[in-house]
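The sequence and the structure come next.

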Amino acid sequence: MMFAWTVPVIVGLAVVLQGGFNRQVGQQWGLGTTVLVNGIVFLVVSLLLWGVMKLRPGILPREFLPPEGGGSVAAWRVILPGVFGVIIVTGLPWAIARLGALGAVLILIVTQLVVSIVWDALVEGVPVQPLRIIGAALAAVGAWLAQPRS
């Protein structure tokens, strides 16, 4: 269970650090070139991970391996995550430059909370609970309070 908590912490660190570094690099190279370089690095690391999966499948969690008898997947379900990735890699450094890391990430988190409640309800079948809505609302208040004031 501890590992299940560790992964989102690592992802959270990566989101802020990626956005911050991309903002800095984007100031020197432009955001378009920065995103392209990110894509190339992503491709190389993904290919290495895929190679490990093929050559040494036992060292990765089972979710990395294709399921036996896996079926077809609609093309839009394969394409959209990549498009969303470009939006994240491009949008976060742009927002950090205008709102600061705290402001941009808090708005990102509040949006993720709201969309997660909807996703859980519509896709995963998890009922909407008042405490989850209150938690998202508190996060929204926190995001508003943390915005820089002129």
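The protein chain has four helices and zero strands as its secondary structure. In sequence order the pattern is α-α-α-α. The model is predicted, so local features need pLDDT of at least 70 and side-chain atom pairs count only at pLDDT 80 or more, while totals for chains, interfaces and linings use all residues. Residues are numbered from 1 along each chain as its sequence is written, and side-chain values use heavy atoms, with hydrogens and water left out.

**The chain as a whole**

The C-alpha trace of the protein chain spans about 55 × 45 × 35 Å along its principal axes. Of the 150 residues, 16% count as buried. Buried means under 20% relative accessible area, exposed means over 50%, and partly exposed lies in between, with a 1.4 Å probe and protein chains only. The accessible surface of the protein chain is about 11,400 Å², and carbon and sulfur atoms hold 75% of that surface. Such areas come from the Shrake-Rupley method with a 1.4 Å probe, and for residues only the protein chains shown count as cover. Among contacts in the protein chain with a separation of 6 or more, 52% join residues 24 or more positions apart. A contact means heavy atoms within 4.5 Å.

**The largest pocket**

The largest pocket holds about 1,600 Å³ of space. Its lining has 40 residues, and those closest to the centre are Gln18, Phe84, Gly85, Ile88 and Val89. A pocket is an open set of points on a 1 Å grid over the protein atoms alone where a 1.4 Å probe fits, with protein on both sides within 12 Å along at least five of seven lines; lining residues have an atom within 4 Å of a point. Grid points are joined across faces, edges and corners, and the volume is the space filled by probe spheres set on the points.

Which helices each supply at least two residues of this lining? They are α1 (2-29), α2 (31-55) and α3 (75-124). The largest share, 20 residues, comes from α3. By type, the lining divides into 27 nonpolar residues, 12 polar residues and one charged residue. For this count, Ala, Val, Leu, Ile, Met, Phe, Trp, Tyr, Cys and Pro are nonpolar, Asp, Glu, Lys and Arg are charged, and the others, Gly among them, are polar.

Asparagine 22 is in helix α1, and threonine 34 is in helix α2. Is threonine 34 buried or exposed? Threonine 34 is buried, because its relative accessible area is 2%. Asparagine 22 also counts as buried, with 6% relative accessibility.

Leaving out residues up to four places away in sequence, threonine 34 touches Asn22, Val25, Gly26 and Trp29. The side chain of threonine 34 also reaches the backbone nitrogen of glycine 26 at 3.4 Å. The side chains of asparagine 22 and asparagine 38 are joined by a polar contact of 3.0 Å. A polar contact is a pair of N or O atoms within 3.5 Å; within protein, one must be able to donate a hydrogen and the other to accept it, and residues adjacent in sequence count only if both atoms are side-chain atoms.

**Other residues and their distances**

Valine 15 lies in helix α1 and is partly exposed, because its relative accessibility is 22%. Apart from neighbours within four places in sequence, valine 15 is in contact with Leu92 and Leu108. Alanine 14, found in helix α1, counts as partly exposed at 42% relative accessibility.

Glutamine 112 is placed in helix α3 and is partly exposed, at 44%. Glycine 125 is in the loop between α3 and α4 (130-146). Glycine 125 counts as exposed because its relative accessibility is 56%.

The table gives C-alpha separations for pairs that include these residues.

| Pair | Places apart along the chain | C-alpha separation |
|---|---|---|
| Alanine 14 and methionine 2 | 12 residues | 19 Å |
| Valine 15 and valine 105 | 90 residues | 8.5 Å |
| Glutamine 112 and alanine 136 | 24 residues | 9.2 Å |
| Glycine 125 and glycine 100 | 25 residues | 36 Å |
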